[in-house]
Amino acid sequence: MSPNSFYPIGQAGVAWSVNEKQQWANSCVKSRSYQQQVVTLLKQLSTDFELVQYGALTIDPASYPLYALTNKQWHNNKPIILVTGGVHGYETSGVHGAIQFLQSIASDYTDHFNIVVLPCVSPWGYEHIIRWNPYAIDPNRSFVSNSPSEEASNAMQYIAQLQGEILLHIDLHETTDSDESEFRPALAARDGEDYIAGTIPDGFYLVGDSANKQIDFQAAIIEAVKQVTHIAPADAQGEIIGSKAEAEGVIYYPVKQLGLCGGITNAPYTTTTEVYPDSEKATAQDCNNAQVAAIKAALDFVLTSVNNT
């Protein structure tokens, strides 16, 4: 089945040129406000955390500043806990789960760790509820050298200059029904490939690093999130979204090879969360709560590991 059977831009079997990419960008509609819904909350948090602007998107620097929040008191001898959200701006709980973490429990851990949170890596995507950036580039395949994505490049440069060892990196995502109805058909059309329909798992799952599986760490997060929302079951092939489920709600990707945000550090503990906001069993608040539960479980696990060494 051709991509044009599902997507109205371009010609079947032909990768998009600059013209098609611009046509796609022109079709994107601003649907919410990064400044009002995100930046306002981040500025409120600056009472308790250091608010750092680490860049801005050149498409509109005034509208799309890029922010991180850290401990006000930074100690180079403490390990760093890195939380990233909104790499895909349309994945709402990635952004607001990161903010809720800062609002609720982050300060409970600052005696032990330096906390670094990038709540909305892709603010243009957030406003347009889009997976890609304005140039039809997926930031979460772009965490590579000489990145084609400003969103990824700015985040990598900021993280690279942090002083201290990064012990944990948790990257907050969602898997949505629109992945199958919009974004994968768009990807096939953009690349001039056939669109092959897939299925969306119903529930929360984790994507770990196949080069550093840390099975007990992933299991601890799954157990905590079970108290908030349901865990995605494997399908009849024993897979979740096309990858083998190696434990309940856990799959593994070669994250560095794929240029994923989850692979940008050499942290011994890394994971990507995948919340499912379109389930009839979950509300938007459940999704935010699941992200916070995942972060807390990850922090508690690494804190115990540090204390036992």
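Visitor: At roughly what angle do the axes of helix α3 and helix α8 cross?

Guide: This is a predicted model, where local features need pLDDT of at least 70, side-chain atom pairs count only at pLDDT 80 or more, and totals for chains, interfaces and linings use all residues. Residues are numbered from 1 along each chain as its sequence is written, and side-chain values use heavy atoms, leaving out hydrogens and water. Helices here are DSSP runs of H or I with at least four residues, strands are E runs of at least two, and both are numbered from the N terminus. The axes, lines fitted to C-alpha atoms over the stretch in contact, with angles from 0 to 180 degrees between N-to-C directions, come within 8 Å for α3 (residues 92–104) and α8 (residues 284–307), and they cross at roughly 60°.

Visitor: And what do we call α3 relative to α8 at that angle?

Guide: Under 35 degrees is roughly parallel, over 145 roughly antiparallel, 65 to 115 roughly perpendicular, and the rest oblique. The axes cross at roughly 60°, so α3 is, relative to α8, oblique.

Visitor: How many residues of the contact of α3 with α8 are polar?

Guide: Contact means heavy atoms within 4.5 Å. From α3, Ser-93, His-96 and Phe-101 are among those involved, and they meet α8 residues including Asn-288, Val-292 and Leu-299. With Ala, Val, Leu, Ile, Met, Phe, Trp, Tyr, Cys and Pro counted as nonpolar, Asp, Glu, Lys and Arg as charged, and the others, Gly among them, as polar, the contact has no charged residues, five nonpolar and, for polar, 10.

Visitor: Is Thr-84 buried or exposed?

Guide: Thr-84 sits in strand β3 (residues 80–85). Buried means under 20% relative accessible area, exposed over 50%, and partly exposed in between (1.4 Å probe, protein chains only). Thr-84 has 1% relative accessibility, so it counts as buried.

Visitor: Which side chain does Thr-84 join in a polar contact?

Guide: A polar contact is a pair of N or O atoms within 3.5 Å; within protein, one must be able to donate a hydrogen and the other to accept it, and residues adjacent in sequence count only if both atoms are side-chain atoms. Setting aside neighbours within four places in sequence, Thr-84 touches residues including Leu-118, Asp-171 and Cys-261. Its polar contact, at 2.8 Å, is with the side chain of His-169.

Visitor: What is the relative accessible area of Ala-197?

Guide: Ala-197 lies in the loop between α6 (177–191) and β6 (205–209). Beyond its neighbours within four places in sequence, it is in contact with Glu-180 and Arg-184. Ala-197 is exposed, with a relative accessible area of 59%.
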